Amino acid sequence: MIDFHSHILPGIDDGPETVDESIAMAAALHKAGFTTIYCTPHLMKGCYDVDNRTVLSAVLSLQKKLNQEKINVEVLPGREYYLDEFLNQHLKHPLPLGKTKYIMVEIPNSTDERFVKETCFRIKCSGFIPMIAHPERCRLFTLSANGKNKFWRWGKNKHAQPGEDGLIGYLREIGCAFQGNIGSLDGLYGKEVQRTAKSFKAHKLFTHYGTDAHSLEGITNYFARHQHVPMMNI
């Protein structure tokens with residue numbers, strides 16, 4: 001299995017502080033069945049903004065350590081780009097997920113729908129593919145208790161199926177990918193997010209999955225409750 005979203009690199013963002021914890025996280029993920037982990041540290045100006053060279057160096061260093069420890073996991077570089085006014089500047093020299101064309105983008109809850117559309121369209125025009133990180137956690141997409149959200153279910157076409165109209169419909173139409181957190185399906189982020197995640201999964205809107213792991217504790221607590229990982233439709 002492939003983990004498309006992980007904060008496993010040490011000392012880069014709000015993930016582990018030491019390489020020993022990174023190794024322990026990789027070992028736990030390998031035990032759960034993962035063979036490949038994309039390292040996707042935050043890129044948020046003024047908060048988590050190390051350069052791409054630092055990320056690439058950290059990935060190579062971690063891979064070397066894992067090889068020495070005989071932990072058969074491949075780690076690959078990436079970023080989790082924060083969709084804000086600084087994103088276009090950051091994407092002048094993008095770091096996609098490994099050798100793919102995917103650029104992982106986190107959409108803040110307060111972002112204007114038009115700005116999301118414009119930015120993702122620009123990414124597509126530059127030759128890359130926006131991968132929306134955990135959309136089920138974004139207020140633009142989450143379903144309310146009655147199953148409605150104008151950006152997700154209802155748009156101009158009231159007979160549209162979920163995801164065919166509104167913001168999600170536009171993003172799908174231009175070819176964006178959608179990465180779901182496996183913890184969302186388990187209610188890790190609350191009932192509202194869980195409801196949205198299950199609806200996304202039921203309608204096959206998720207294209208990729210990830211743990212969004214930040215610590216060894218988070219990994220072990222999750223897999224201690226599960227004998228298997230929810231099916232990855234990758």
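## The chain as a whole

The chain is built from eight helices and nine strands. Of its 234 residues, 51% are buried. Its accessible surface amounts to about 11500 Å², and carbon and sulfur atoms account for 50% of that area.

Contacts across the sequence can also be described for the chain as a whole. Taking contacts between residues at least 6 apart in sequence, 72% of them join residues at least 24 apart.

## Confidence in the model

The mean pLDDT of the chain is 89, with 86% of the residues at 70 or more. In residues 153-160 the pLDDT is below 50, and this stretch has ten contacts in the model beyond near neighbours in sequence. Where pLDDT is low, predicted coordinates should not be read in detail.

## Helix 1 against helix 2

Two packed helices are described by the angle between their axes and by the distance between those axes. Helix 1, residues 19-31, packs against helix 2 at an angle of about 65 degrees, and the two axes are 10 Å apart. The crossing of helix 1 and helix 2 is right-handed. On the side of helix 1, the contact is made by Val19, Ser22, Ile23 and Ala26, and on the side of helix 2 by Leu62, Lys65 and Leu66. Sorted by type, the residues of this contact are five nonpolar, one polar and one charged.

His30 also belongs to helix 1. With a relative accessible area of 33%, His30 is partly exposed, because that value falls between the 20% limit for buried and the 50% limit for exposed. Apart from neighbours within four places in sequence, His30 is in contact with Ile71, Asn72 and Val73. The C-alpha atoms of His30 and Glu74 are 9.8 Å apart, while the two residues are 44 apart in sequence.

## From helix 2 to strand 4

Lys70 is in the loop that runs between helix 2 and strand 4, the latter being residues 74-77. Lys70 has a positive phi of about 60 degrees although it is not a glycine. Its relative accessibility is 74%, so Lys70 counts as exposed.

Met44 is in the loop between strand 3 (42-43) and helix 2 (52-68). Met44 counts as buried because its relative accessibility is 19%, and the limit for buried is under 20%. Not counting residues up to four places away in sequence, Met44 touches Asp49 and Tyr82. Met44 and Asp13 are 31 residues apart in sequence, and their C-alpha atoms are 9.6 Å apart in space.

His90 is part of helix 3, which covers residues 87-90. Not counting residues up to four places away in sequence, His90 touches Leu43, Lys45 and Tyr81. Between His90 and Asp49 there are 9.7 Å from C-alpha to C-alpha, with the two residues 41 apart along the chain.

## Helix 5 and its cover

Helix 5 spans residues 166-173, and Leu167, Ile168, Gly169 and Leu171 in it are buried. The cover over these buried residues includes helix 4 (113-125), strand 7 (129-133), strand 8 (177-181) and helix 7. Just after helix 5 comes Gly175, with a positive phi of about 95 degrees.

Helix 7, residues 191-202, holds Gln194. Gln194 is buried, with a relative accessible area of 12%. Leaving aside neighbours within four places in sequence, Gln194 is in contact with Ser184, Leu185, Asp186 and Gly187.

## His134 and Asp212

His134 is in the loop between strand 7 and helix 5. Its relative accessible area is 5%, so His134 is buried. Leaving aside neighbours within four places in sequence, the residues in contact with His134 are His5, Glu80, Glu106, Gln179, Asn181 and Asp212.

Asp212, one of the contacts of His134, is in the loop between strand 9 (208-210) and helix 8 (216-224). Asp212 is buried as well, with a relative accessible area of 7%. Although Asp212 is not a glycine, it has a positive phi of about 55 degrees.

How values were computed. Residues are numbered from 1 along each chain as its sequence is written. This is a predicted model: local features need pLDDT of at least 70, side-chain atom pairs count only at pLDDT 80 or more; totals for chains, interfaces and linings use all residues. Side-chain values use heavy atoms; hydrogens and water are left out. Helices (H or I, at least four residues) and strands (E, at least two) are DSSP runs, numbered from the N terminus. Buried means under 20% relative accessible area, exposed over 50%, partly exposed in between (1.4 Å probe, protein chains only). Contact means heavy atoms within 4.5 Å. Accessible areas come from the Shrake-Rupley method with a 1.4 Å probe; for residues, only the protein chains shown count as cover. Axes are lines fitted to C-alpha atoms, for helices over the stretch in contact, and angles run from 0 to 180 degrees between N-to-C directions. A crossing is left-handed if the near helix is turned anticlockwise from the far one by less than a right angle, and right-handed if clockwise. Ala, Val, Leu, Ile, Met, Phe, Trp, Tyr, Cys and Pro count as nonpolar, Asp, Glu, Lys and Arg as charged, and the others, Gly among them, as polar. pLDDT is the predictor's confidence in each residue, from 0 to 100.
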